[in-house]
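Thanks for coming, everyone. Let me put the structure up, and then we can walk through it together.

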Amino acid sequence: MTPPLPDSERSRRIYPLLQNQDLENLSQATLKSVGDPISIESLNEDELRKLVLVNLARLSIKSEWNGLLTSATSTQYALEPIDASQLTTYNRFVPYSVDRTFGDAVASATMEDKALFSRFVAPKSGAMGDFTLRTSATNTSKDDCKVAIYSTTNGLPGTLVGAISMDVNGGGDLYTSSSWTTTPTLTAGDTYWIAFAPEGSAKPAISGAAVALYLELGITHYPGTGYTTLYNNGGTNYDLPSTITDSQLTAVNDKNLPIWSFKYA
C-alpha cells in the first residue's frame with residue numbers, strides 16, 4: 001500500500017467520496033459539495049489539505065482556474081482598489097480610486113436614467129444615520145434622488161440593505177436626510193455598494209466628480225483599464241431593484257459620480 005502524505009491520516013471524506021471521479025471530469029460544483037460540510041478547525045486540517053491537493057490537481061489537468069482565481073459563476077470586472085482607512089464618525093467617500101494618477105472636475109450634472117454604483121468599505125459597525133448629498137445647483141420641480149446601499153456578492157452589488165430618497169429641490173448646496181425607508185446596518189471592514197438613480201424623468205442635478213483616468217503607476221492587479229463604477233445599463237430606468245442582475249451591469253469609468261457623506265446613527 002502506498003503510504004499517505006507525511007503526517008497524513010487516512011482520508012475520512014475527500015478520497016472516499018471522490019474515488020470514482022477522474023480529474024478531467026471532476027467539476028467545481030462536485031468539489032464544492034464534498035468540501036462544503038467540512039468545518040474550519042484543527043481536527044479537519046488533514047481533510048482540508050487533501051481538498052486543496054485534489055483541486056490543484058484538477059486545475060492543472062483542466063487548465064481551468066474557476067473557483068480559485070475568479071468566481072465560478074459571477075461576472076468579473078477589473079475594479080479599482082478602495083481606500084478603507086477612514087475610522088471617524090463622519091465619513092466622506094470621494095468617488096475616485098487611489099492607485100493611479102487622475103484628473104477630476106467637481107461639478108453638478110443631471111443624473112443618469114439608470115442606477116450608478118460605486119463601492120465603499122464600512123469604517124466601523126453601526127446603522128447609517130444622516131445622509132448628505134451636494135448639488136451646487138438650483139433644482140426646481142425635480143424628482144427625488146433615490147439612494148440605495150447593497151451588500152456585495154461575488155465582488156458585485158448583491159441585495160439591497162438600505163434605501164433613502166433625497167429631495168434636492170431648491171438653491172441649497174448640501175441636502176441632508178435621515179429618513180431611511182430601510183435603514184442599512186453596516187459591518188466594519190465589509191465592502192458595500194452605493195447606488196444612485198432619479199425617481200423619474202424630471203432628473204435633478206447633483207454634484208459629482210467626472211474622473212479622467214491616466215496611465216497606471218507601479219505594479220497593479222490589472223495592466224489595463226481599471227474600472228471604478230458599474231452602470232445598470234440593462235436595467236429599468238429610474239429603478240433601484242432589491243437584487244441586482246449581474247448581466248445587466250456595465251463597468252464604466254466615465255460617469256459623473258455623486259459626492260456624498262453620512263453620519264452613523
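One definition before we start: a residue is called buried when its relative accessible area is under 20%, and exposed when that area is over 50%. Also keep in mind that this is a predicted model.

Now, the overall picture. The protein chain has 3 helices and 14 strands. There are 265 residues, and 39% of them are buried. The accessible surface is about 13900 Å². Carbon and sulfur atoms hold 51% of that surface. What about contacts? Take those with a separation of 6 or more: 80% of them join residues 24 or more positions apart.

Next, one residue. Find Arg-58 in helix H3, which runs over residues 45-62. Is Arg-58 buried or exposed? Its relative accessibility is 0%, so Arg-58 counts as buried. Its side chain has a partner, too. That is the side chain of Asn-55, in a polar contact at 3.2 Å.

On to the nonpolar cores. The largest one has 22 residues. Which residues have the most contacts inside it? They are Phe-131, Val-147, Met-166, Leu-186 and Phe-196. Several strands give two or more residues to this core, including E4 (126-134), E5 (145-153) and E6 (156-166).

Look at Val-147 for a moment. Leaving out residues up to four places away in sequence, Val-147 touches Phe-131, Met-166 and Phe-196, among others. Leu-133, Ile-164 and Leu-240 are also among its contacts.

Terms used: Residues are numbered from 1 along each chain as its sequence is written. This is a predicted model: local features need pLDDT of at least 70, side-chain atom pairs count only at pLDDT 80 or more; totals for chains, interfaces and linings use all residues. Side-chain values use heavy atoms; hydrogens and water are left out. Helices (H or I, at least four residues) and strands (E, at least two) are DSSP runs, numbered from the N terminus. Buried means under 20% relative accessible area, exposed over 50%, partly exposed in between (1.4 Å probe, protein chains only). A polar contact is a pair of N or O atoms within 3.5 Å; within protein, one must be able to donate a hydrogen and the other to accept it, and residues adjacent in sequence count only if both atoms are side-chain atoms. Contact means heavy atoms within 4.5 Å. Accessible areas come from the Shrake-Rupley method with a 1.4 Å probe; for residues, only the protein chains shown count as cover. A nonpolar core is a set of buried Ala, Val, Leu, Ile, Met, Phe, Trp, Tyr and Cys residues joined through side-chain atoms within 4.5 Å.
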